[in-house]
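Here are a few notes to read alongside the structure, for anyone opening it for the first time. Have the viewer ready and go through them in order.

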Amino acid sequence: MKSTNIHGTQMVVTALSQYEKEKFTSKTDWRMRAVSATNMHLRTNHIYVNSDDLKEIGYTYVLPKNVLKRFICISDLRIQIAGFMYGVSPPENPQVKEIRAIVMVPQIGNYQSVTLPHQTPEHPYLKDMEPLGWIHTAPTEAHQLSPFAAAMHSKLLLDNSEYDVEASVIATCSFTTGSCSLSVYKLTQQGLDWGKQHRESQVQPNPPDFNSTLFEKV
């Protein structure tokens, strides 16, 4: 079916049903997402940290709100985006990790996961900071680490020796109604072993061998 828009450009539309040939309807929700994207800054007024089942031992992570706010404002409600986190430890307290930067890299995202490059970023700005893992968005709150994220994080740790297994985490920024929820996870040794056997491109949404012993909240 051929039609012309208001600018005089000819469009070719492929319709599956007889009804669609008479009245075109879009299958995507891009219009609603575009409107929602302009209101992302309002969600940053209500950021909740999921602190249930937190481990009292280990590192404490400090994420400045201005860095998190910028990351949320450039994201999408449906398509996941991700960035590598870099930071430093204060000299007087090595157990605290202060995140100083989120590095955005070329990526491919969908509703369930995001694919990042195998090569980690290099820049003079990052030479005095240590890699602390990565952060990604999620369209809904799952209350657990996703299998896709676990497999990708395991591959990141195995392929890059500069990452400290104990200090590297996965931060998930979930979009809840009118707000954002932040959860941070670390892989256990069982999680690393599970990730070695599963590539993120081949992981199913709910694999039977994926359970809560593979990760812990930080």
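Predicted model: local features only at pLDDT ≥ 70, side-chain atom pairs only at ≥ 80, totals over all residues.

1. Let's start with the inside. The largest nonpolar core has 30 residues, and those touching the most other members are F84, Y86, L116, W134, L145, W194 and F215. The largest share, seven residues, comes from α5.

2. Leaving aside residues up to four places away in sequence, F84 touches A101, I102, V103, V105, L116, P121, G133, W134, L156 and Y163. Two of these contacts, L116 and W134, are themselves on the list of core residues that touch the most other members.

3. There is also a second, separate core, this one of 21 residues. Among its members are I72, L77, I81 and M85.

4. Now the rings. The model has three aromatic pairs. How are the rings of Y185 and F215 arranged? Their centres are 5.5 Å apart and their planes stand at 90°, which is over the 60 degrees needed, so this pair is edge-to-face. The pair links distant parts of the chain, with Y185 in strand β11 and F215 in strand β12 (residues 215–217), 30 residues apart. Both Y185 and F215 are buried, and together with W194 and F210 they form one aromatic cluster.

5. Is T188 buried or exposed? T188 is buried, because its relative accessible area of 13% is under the 20% cut-off. Not counting residues up to four places away in sequence, T188 touches T213, L214, F215 and E216.

6. Last, the cysteines. How many disulfides does the structure hold? The count is zero. C73 is in none, and the nearest cysteine sulfur, that of C180, is 8.8 Å away. C180 is in no disulfide either: its nearest cysteine sulfur belongs to C173, at 4.4 Å, and a disulfide needs the two sulfur atoms within 2.5 Å.

Key
Residues numbered from 1 in each chain as written. Heavy atoms only, no water. Buried < 20%, exposed > 50% of the residue type's maximum accessible area, 1.4 Å probe, protein only. Contact = heavy atoms within 4.5 Å. Core = buried A, V, L, I, M, F, W, Y, C linked by side-chain atoms within 4.5 Å. Helix = DSSP H or I, 4+ residues; strand = E, 2+ residues; numbered from the N terminus. Phe/Tyr/Trp six-rings, centres within 6.5 Å; stacked < 30°, edge-to-face > 60°.
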